[in-house]
Amino acid sequence: MKPRYTLLSPWQKVLAWIIVLTIGIESAIILNINFLQAKMLGQWRVVSSDITYKAATFKTVSVTSQEIIIGSQTIKLTYSARLRDSNFLRENHQNEVDYYFDSKDNQDEYYPYLLVVPKSKNDRMTLFTFQPSQKNTPSVNTYTLRQEHDR
Amino acid sequence: MILKRSPKRIITIDYHFNWLLLILLAGLCALTGYSALIEHVSGVQLIFYVLLTLLILASSHQIITWRRPFHFKIDPFAETLTIDLGWRGTRELPLANLHSVNLTGFRMKFRTFYQLQLSTDPKTWSDYHHQSVSTRAKNEANYIEMFIIVTFTHQTKNERIKLVRTLNRNQVPIGPVVPAVLGRYPGTPKPSRRLVIHWLRLQQLLDYFLRRLVLVVIVFTSLSALYGRFFGIYW
């Protein structure tokens, strides 16, 4: 068999490889955004809370790639390439990343949970829970979370 | 490599007709017609059926031409190779103009396609492809040798061996396999033609780039999706 690339110099091949790898990394980043942040995973402790409606109290929040456990509530995560098939929504902002979660028994159209992950801090997170069946003016409970490091 | 001479006789290789493809095509035509008549089929679906039918029609001309005296005929008395291209008609190539021959197979869409690669001069190539006068002059000015590619599917192994062996017995040596660049088989340019060489180099660079890009994007994206699914993403 004759060689396929008889006219190419090594430098042209290296240049082509550099462009290929750049586009490959860019596409890997752009196409895979519908996942949790790496620093979200782990055990979280409630540091302070701002409660506006009555809800079951909890002290810890556990985040794994399969599920999120908030007190007695367990939210199973479903992943899909199509956004409407997964039960959470990621929104990228300048200083923070917002994750909206849908629980299994939620009948309303809005997401009942919101996790705000700041980009600058690694061990802080804010959890917002919305009171069900009050669409127009939902009451919000705010919980500030701090990561529990294994000791 | 040229094999020993044997007694001269005309050798033909039969045209094989594929019933399965005809049935498939008839079924697709019926499906297209039916979906055009009933109301609840979407336009996208209809376009898909039409395109599928046209693609099968274009890719295998052997479905339409089913009663043919031969597919390949090698005549050692007239020293010609005649190829029946189905609805595109027949082509006659003088054996003296063929520099080398090679037969390769490649798998695509669950079928094996065979390629007869014939290395010839630009004049024979232009005759084969019915080129216009200007293209003919351009080819003859730019290239030393060009490659005629004949693709077929239905010949048996014995017939394929017979085809190459008979060509070989009639003074056509076996040459190297010519790889495709951007799906085409460019000829060997004359060393003095800088612009042609430059253009071919650009095509090779694009081919090199695209082949690696597809692979790298698939591998990187799936690996990063797998990692992000279990360990989270960092962006």
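How many residues lie between β2(B) and β3(B) in their hairpin, and which residue in the turn has a positive phi? There are four residues between these two strands, and B:Glu79 in the turn has a positive phi of about 55°.

This is a predicted model, in which local features need pLDDT of at least 70 and side-chain atom pairs count only at pLDDT 80 or more, while totals for chains, interfaces and linings use all residues. Residues are numbered from 1 along each chain as its sequence is written, and chains are lettered from A and ligands numbered from 1 in the order in which they are written.

**View 1. From β1(B) to β3(B).** Three bridges link β1(B) with β2 (residues 72–75) of chain B, and B:Thr12 is placed opposite B:Lys73 in β2(B). Between β2(B) and β3(B) there are four bridges, with B:Phe72 partnered by B:Ile83.

**View 2. The hairpin of β3(B) and β4(B).** These antiparallel strands are joined by five bridges, one of which involves B:Leu81 and its partner B:Leu93. Five residues separate the two strands, and B:Gly86 in the turn has a positive phi of about 70°.

**View 3. Where chain A meets chain B.** Contacts (C-beta atoms, placed from the backbone, within 7 Å) involve 29 residues of chain A and 28 residues of chain B.

Key: Pairing = 2+ DSSP bridges. Contact = placed C-beta atoms within 7 Å.
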